[in-house]
Amino acid sequence: MHPAFSVIFFTTASGAGYGMLAILAILAASGIVPLDRTFGMLGLGLAFVLVTAGLLSSMGHLGHPERAWRATTQWRSSWLSREGVLSIITFGPWALLTYFWILEGDLSGIGSLAAAASAVLAVVTIFCTAMIYRSLKTIHHWSNKWTTPVYIVLGLATGAVWVAALMSVTVGIDKKYLAFAVAAVLISWWVKRTYWNFVDTTSHPSTSKTATGLKGETVTMLEGPHTEENYLMQEMGFKVGRKHAKKLRSIVNMFGFLVPSLLLVIVYLVDGPMVSIVCFAAAVSMSIGVITERWLFFAEARHVVTLYYGAETA
């Protein structure tokens, strides 16, 4: 599939923002971190900016952005609509969490309920975003059991690393939380590598034989359907060379997982201003890696329509 920057930014920014919201809500409600106003403002504020920017960016992929509101009306049948509805609903408990954390400095009672609702809705919204692609049965790279776990763990892991960076300049990083952030990155690494292994070793059940109905024959293309590349091939049959895909996966492994993990471990060995420098370096590195990962997620996907254009598998 042809990677669109607006969708790449939307899924990575909103995923990180919702991941931050879920983790911040859990940390605050459980008393793991103090209800420091500066930390709350920076954390919840950055999460809000990422989510809002991501949602606005998603409209850039629409032919008529002014009609985006209509997407929320089809929630009974559309995962995109459900994602839109949930993203709006999430702002409610999010606002309450912000109020009780920053202005009241107390999350007991309604505040704790708002925190719990924010965390749950944030994760469910990421799930719905993933299901937009998971539900498309014509694209094997998306319609598989690993797509939703990839989206959820990457959102939470990216959020965890950014929360660590903000903690380093406000309330300080607890060693247990640091271990959690490292674990989150490593788990997301394992899930993504398992996803790659799955799509590399399997393919869509449809083939050139089933597409043409000639199941008992050897099907070869005598002549291409077009003399020039058309819209279908540009959007549905976008190709990324094997050599380039391998290099890009290496970049994802390096900047998205290895470097952030090592930098977070280094935090145990340094002190003073270096803690913040290393933490922010880890967060920036992971963001670069996740953006590259998401570009590959779209670029490596192949629609079954390519079977009519000479592809043997999809």
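A residue counts as buried under 20% relative accessible area and as exposed over 50%, with partly exposed in between. The model is predicted.

The structure holds 21 aromatic pairs. One of them joins F39 and W101 in an edge-to-face arrangement.

Now turn to F91 and W94. These rings are stacked, 5.6 Å centre to centre, with 10° between the planes. Both sit in helix α3, three residues apart, so about one helical turn separates them. How accessible are F91 and W94? F91 has a relative accessible area of 26%, so this residue is partly exposed. W94 is at 3%, and therefore counts as buried. The 26% of F91 falls between the 20% and 50% cut-offs. The 3% of W94 falls under 20%.

Elsewhere, ring pairs build a cluster. Its members are Y133, W142, Y151, Y195, F297 and F298. Y151 also has a charged neighbour: R294 lies over the face of this ring, 4.1 Å from the ring centre.

R82 lies over the face of W79, at 4.6 Å from the ring centre.

Key: Residues numbered from 1 in each chain as written. Predicted model: local features only at pLDDT ≥ 70, side-chain atom pairs only at ≥ 80, totals over all residues. Heavy atoms only, no water. Phe/Tyr/Trp six-rings, centres within 6.5 Å; stacked < 30°, edge-to-face > 60°. Helix = DSSP H or I, 4+ residues; strand = E, 2+ residues; numbered from the N terminus. Buried < 20%, exposed > 50% of the residue type's maximum accessible area, 1.4 Å probe, protein only. Lys NZ or Arg CZ within 6 Å of the ring centre and 35° of its normal.
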